[in-house]
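Morning, everyone. I have one structure to walk through, and I'll keep it short. Let me put it on the screen.

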Amino acid sequence: METYGLHQYPGKLFVVEGVDGSGKSTQIALLRQWLVSEGYTVFFSEWNSSPLVKKTTRRGKKKQMLTPTTFSLIHATDFADRTEHDIIPPLKAGAIVLADRYIYTAFARDVARNVDRQWVRELYQFAVQPTRAFYFRVPLDISLGRILSNRSELKYYEAGMDLELHSNPRESFGLFQKRIVAEYEKMIAEYNLTVMDATLPIPEQQRMMRQLVAPHLEGIRRFRQLIPGTELEHIAHRADIVHSTSHSQ
Amino acid sequence: MTALDFYGIDAIGLQRREEVLPGRLIALEGTDGVGRSTQIRLLRPWLESLGYAVVDSEMTRSELAGSGLKEAKEGNTLGTITLNLFYAADFVDRFEHQILPALRAGFIVLADRYIYSLMARALVRGADPQWLRSIYGLALKPDAIFYLRVELEDLVPRVLQKHGFDYWESGMDMRLGEDLFESFVRYQKLMLNEYDKMSKHYHFQVFDAGRSSEEIAVQLKQAIQPLLPNG
């Protein structure tokens with residue numbers, strides 16, 4: 001089993017992180033558009049999206065039977081399925097993988113739930129280290145305003161009600177988010193996150209993001225046309241061949 | 001009293017909460033078809049007749065992940081890391097919702113497999129040992145670990161008599177052999193080897209599973225007796 005920092009793949013992995021309402025999903029969607037229009041093969045992967053684990057997560061949340069530890073483990077299982085299906089194979093194939101939320105979401109949320117900081121980091125040892133991870137920093141009152149103004153109801157775990165911080169879900173959500181932000185801030189140095197000012201106009205953030213992504217695209221092939229069958233076989237046999245072949249336009 | 005003693009980080013925070021666990025935690029380990037559940041069937045009424053309340057807890061039967069895990073194993077998209085974590089989620093749900101409450105209430109917990117089987121099956125599939133030890137480090141050290149040890153030659157007829165070779169018990173996902181039998185033999189050899197390695201490291205009490213179940217039960221009772229609150 002390869003562990004964090006040891007994977008060597010020809011593809012690139014970019015991730016966006018931040019609290020709900022930070023605008024990160026908008027930014028990664030725009031980045032995706034741009035990369036696709038530039039002719040790159042882009043694979044998009046979202047947090048909490050494994051079809052295998054979905055039922056179990058839903059069941060645990062609906063019945064409110066998740067403890068901080070099982071909440072953490074079930075999300076790690078979901079993430080493992082994504083890693084094994086959506087992240088590692090495309091990276092081996094030389095594609096660009098974009099992830100909306102990554103392991104840092106788990107670290108922030110789980111530690112906010114009092115799960116041991118080191119334990120949860122070791123749990124995610126199998127994760128691939130991103131090429132670059134963007135953290136969208138936003139003042140709490142802005143992100144809370146964005147979420148609370150267009151949401152009539154907050155879900156139990158989403159609001160952190162299991163922590164019993166406050167009996168009112170909206171108040172609880174605010175207190176929970178505050179803890180999450182504190183964890184993100186600590187991770188900036190620990191994981192070398194790229195901090196983005198999420199209060200800037202959307203096009204400006206996107207321009208900066210593209211500038212930061214562009215240098216990593218050197219040598220990444222663009223798949224404008226269908227790949228000949230023989231070449232696909234090569235890729236299957238030796239993933240690293242993508243490195244040495246010339247760009248096909 | 002089960003001590004608040006762990007192999008790794010107490011991630012659930014039992015020490016922080018100063019938990020008192022008047023029960024006893026007894027883990028029964030051994031590979032597939034070795035007769036663990038038969039022993040639990042024999043031990044339970046004996047303990048109850050002595051006046052002890054008993055809870056038995058079986059792997060992959062957690063309320064949270066039991067059915068999801070079963071379903072995932074029936075499909076064809078399950079990766080090894082995902083499966084290992086699914087098992088861990090199942091274990092921790094069982095640990096927090098069955099084992100801990102029972103220990104708090106003074107029950108004798110008979111765990112039909114504990115973390116060791118889960119680690120063995122993950123290790124033979126190439127999981128990082130350090131990673132596994134870290135995840136399962138949150139588990140309480142049992143008051144006793146009984147390992148029902150079987151020789152491969154004895155295991156084959158037992159399994160055939162029971163339900164035949166099963167896909168997962170034969171490690172077919174590892175592509176070790178041409179057919180179920182070949183794969184079973186190679187897979188179980190690897191598993192038994194892992195158990196033997198763990199036996200020393202985790203201080204298993206080893207019992208010869210080749211004996212009759214009545215004989216084994218007598219030996220297990222002798223080993224359990226001194227652990228009991230009024231033993």
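Start with the sheet in chain A. Five strands build an open sheet, and the pairing is parallel. The order across it is S2-S3-S1-S4-S5. Keep in mind that this is a predicted model.

Which strands stand at the edges? They are S2, residues 42-46, and S5, residues 194-197, both of chain A. Each has a single partner strand, so one side of each is left without a neighbour in the sheet. On average, neighbouring strands here are turned by 20° against each other, direction ignored.

Strands of a sheet pair through backbone hydrogen bonds, in either a parallel or an antiparallel way.

Now one pair in detail. Strand S1 of chain A covers residues 12-17, and strand S4 of chain A covers residues 132-137. They pair in the parallel sense over 4 bridges. Look at Phe14(A): its bridge partner in S4(A) is Arg132(A).

Next, the helix on this sheet. Helix H1 of chain A spans residues 24-37. H1 lies across S1, S2, S3 and S4 of chain A. Its direction is about 165° to S3(A), the strand at 96-100.

Last, the annotations. UniProt, in an unreviewed entry, gives "domain: Thymidylate kinase-like" for residues 16-171 of chain A. That stretch is 50% helix and 12% strand, with its end C-alpha atoms 26 Å apart.

And chain B? For residues 28-214 of chain B, UniProt lists "domain: Thymidylate kinase-like", again from an unreviewed entry. There the chain is 53% helix and 12% strand, and the end C-alpha atoms are 16 Å apart.

Terms used: Residues are numbered from 1 along each chain as its sequence is written. Chains are lettered from A and ligands numbered from 1 in the order in which they are written. This is a predicted model: local features need pLDDT of at least 70, side-chain atom pairs count only at pLDDT 80 or more; totals for chains, interfaces and linings use all residues. UniProt positions are given in the numbering used here, feature names are shortened, and annotations may be inferred rather than shown by experiment. Helices (H or I, at least four residues) and strands (E, at least two) are DSSP runs, numbered from the N terminus. Two strands pair if DSSP finds at least two bridges between them. Axes are lines fitted to C-alpha atoms, for helices over the stretch in contact, and angles run from 0 to 180 degrees between N-to-C directions. Two residues are in contact if their C-beta atoms, placed from the backbone, lie within 7 Å.
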